[in-house]
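Me: I would like a close look at a single part of this chain. Please take me through it step by step.

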Amino acid sequence: MPVAELLTAHPDAWRDATRHPFLTAVRDGTLAPAAFDTWLAQDSLFVADLLRFQARLLARAPRPAQAVLAAGCVALVDELAWFEEQAARRGLDLDAAPLPATAAYAALLERLDAGDVPTALAALWTIERTYLDAWSAALPGAPAYREFVEHWTVPGFAGYVTGLEAAADASGGGDDAVFAEVVAAETAFWNTAVEAG
Ligand code: HMH
């Protein structure tokens, strides 16, 4: 099935992951800066894990998927540099120990890395589509968080997600169980931020 149909096939899980209280608090400005910083350090760890996963996926991907995966790897390297700039500005240490949701997500990426390419492509699309839709729900963002909300909703990111969708559909990798697992991992990741408050 086309991967976009997974969203409508799992409406409750999709809503939990993309209309989360963390995003509402970012939008309304009620999120404590310390909770945001805790989440930011964990997201930086996640992006480092995702880059390793994606670089390996690029190495084994079919030729038509290579361009979007390679561009995504470059974007993730840039994203890590951007996290470092943000952390320096906020006086935040990015060398935090992984919290349970971060460690569990890393383990999920490792399982996907050991599995087949079509499933991994569909999972990567799910990861990025969830993130895009979740941040879009936080628009325009309270002034304290607006720069972040804008960064993760730019048209270039939306275009990248569309490119991943095409790559996933071309490989035929849409899978209900993996979709549910990824979306649950995203929800658990937002939960971490709220619990850190
Ligand atoms: C938890 N999911 C999470 N963090 C991210 N940075 C992305 C997706 C997008 O790269």
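Reply: Start with a cut-off: a residue is called buried when its relative accessible area is under 20%. Keep in mind that the model is predicted.

Now take Thr18. Its relative accessibility is 1%, so Thr18 counts as buried. Thr18 belongs to helix H2, which covers residues 11–18. What does its side chain reach? The side chain of Thr18 comes to 2.7 Å from the backbone oxygen of Trp14. Next, set aside the neighbours within four places in sequence. Thr18 is then in contact with Thr130, Asp133, Ala134 and Ala137.

Move on to Phe22, in helix H3 (residues 21–28). Is Phe22 buried or exposed? Phe22 has 0% relative accessibility, so this residue counts as buried.

Now the rings. Two aromatic rings are described by the distance of their centres and the angle of their planes. The structure holds 24 aromatic pairs. One of them joins Phe22 and Trp190. Their centres are 5.4 Å apart, with 20° between the planes. The cut-off for stacked is under 30 degrees, so this pair counts as stacked. The pair links distant parts of the chain, because Phe22 and Trp190 are 168 residues apart. Trp190 sits in helix H10 (residues 176–196). What about its burial? At 1% relative accessibility, Trp190 counts as buried too.

Finally, widen the view. Phe22 and Trp190 belong to one aromatic cluster.

Conventions. Residues are numbered from 1 along each chain as its sequence is written. This is a predicted model: local features need pLDDT of at least 70, side-chain atom pairs count only at pLDDT 80 or more; totals for chains, interfaces and linings use all residues. Side-chain values use heavy atoms; hydrogens and water are left out. Helices (H or I, at least four residues) and strands (E, at least two) are DSSP runs, numbered from the N terminus. Buried means under 20% relative accessible area, exposed over 50%, partly exposed in between (1.4 Å probe, protein chains only). A polar contact is a pair of N or O atoms within 3.5 Å; within protein, one must be able to donate a hydrogen and the other to accept it, and residues adjacent in sequence count only if both atoms are side-chain atoms. Contact means heavy atoms within 4.5 Å. Rings of Phe, Tyr and Trp (its six-membered ring) pair if their centres lie within 6.5 Å; planes under 30 degrees apart count as stacked, over 60 as edge-to-face and the rest as tilted.
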